[in-house]
Amino acid sequence: MKTLVPFNRNQGGFSFVEVIAVMIIIGIVAVAVNSGMHTGASVVAEAEILSAHLGYAQTMAFVNNTASWGMEFGVSQYSFRRNGQLAPIHLPGESSATHSFAPGVRLVQGVGTVTFDQYGAPTSTYVVVLSDGTRQEQCIITGFTGLIP
């Protein structure tokens with residue numbers, strides 16, 4: 001047999017205003033925690049993109065060995081080069097032969113030009129370091145082998 005429990009208006013509970021106040025406090029804490037947790041994801045992503053573009057330049061040097069291929073680095077961007085000039089083809093995933101870093105990401109080491117020979121190998125080891133001010137990622141191009149770990 002079912003027994004019904006009578007409803008008592010004097011029972012304790014949370015009012016709508018109290019629930020909204022707690023939700024607002026949780027939201028403020030979540031924003032504070034999220035803003036304090038900087039992951040440097042854009043620096044990591046830019047380093048991966050750079051590695052892929054360097055691999056593409058190596059491939060072009062190996063496949064089309066009648067030209068000198070490479071990358072010219074600046075502080076906020078790099079460009080794909082053929083015989084010292086801006087390449088007439090686009091970088092993979094780009095609308096031009098130049099890639100600009102994500103906002104806040106800068107090149108802090110490695111400004112200059114990396115050139116690959118007809119075997120896709122640079123003549124020396126290059127270290128390119130990207131930073132967003134709190135985190136750094138490096139891309140190493142191993143001389144004479146062309147290895148980009």
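User: What makes the contact between the side chains of Glu 72 and Arg 81 a salt bridge?
Analyst: A salt bridge is a side-chain nitrogen of Lys or Arg within 4 Å of a carboxyl oxygen of Asp or Glu. In this predicted model, the N to O distance between Glu 72 and Arg 81 is 2.3 Å. That value is within 4 Å, so the pair qualifies.

User: How many salt bridges does this rule give, and which residue does Glu 137 join?
Analyst: The count is two. Glu 137 pairs with Arg 135, with the closest N and O atoms 2.9 Å apart.

User: What ground rules apply to the model and its numbering?
Analyst: Residues are numbered from 1 along each chain as its sequence is written. The model is predicted, so local features need pLDDT of at least 70, side-chain atom pairs count only at pLDDT 80 or more, and totals for chains, interfaces and linings use all residues; side-chain values use heavy atoms, with hydrogens and water left out.

User: Why is Arg 81 called buried, but Glu 72 partly exposed?
Analyst: Buried means under 20% relative accessible area, exposed over 50%, and partly exposed in between (1.4 Å probe, protein chains only). Arg 81 has 18%, so Arg 81 is buried. Glu 72 has 32%, so Glu 72 is partly exposed. Arg 135 has 34% and is partly exposed too.

User: How confident is the predictor, and where is confidence lowest?
Analyst: pLDDT is the predictor's confidence in each residue, from 0 to 100. The protein chain averages 84, and 85% of the residues score at least 70. Helix 1 (residues 16-36) is lowest, at a mean of 75. Strand 4 (residues 98-100) is highest, at 95. Where pLDDT is low, the predicted coordinates should not be read in detail.

User: What makes an element a helix or a strand, and how many are there?
Analyst: Both are DSSP runs, numbered from the N terminus: helices are H or I with at least four residues, strands are E with at least two. The protein chain has two helices and eight strands. Their order from the N terminus is α-α-β-β-β-β-β-β-β-β.

User: How do you know that strand 7 pairs with strand 5 and strand 8?
Analyst: Two strands pair if DSSP finds at least two bridges between them. Strand 5 (residues 106-109) and strand 7 (residues 126-131) share three bridges, in the antiparallel sense. Gln 109 stands opposite Val 129 there. Strand 7 and strand 8 (residues 136-141) share six bridges, also antiparallel. Leu 130 has Glu 137 as its bridge partner in strand 8. Both pairs of strands therefore pass the rule.

User: Which residues does Ser 131 touch, and what counts as a contact?
Analyst: Contact means heavy atoms within 4.5 Å. Not counting residues up to four places away in sequence, Ser 131 touches residues including Val 43, Gly 104 and Gln 136.

User: What makes Arg 82 partly exposed, and which residues does Arg 82 touch?
Analyst: Arg 82 is in strand 2 (residues 77-82). Its relative accessible area is 32%, so Arg 82 is partly exposed. Beyond four places in sequence, its contacts include Trp 69 and Pro 88.
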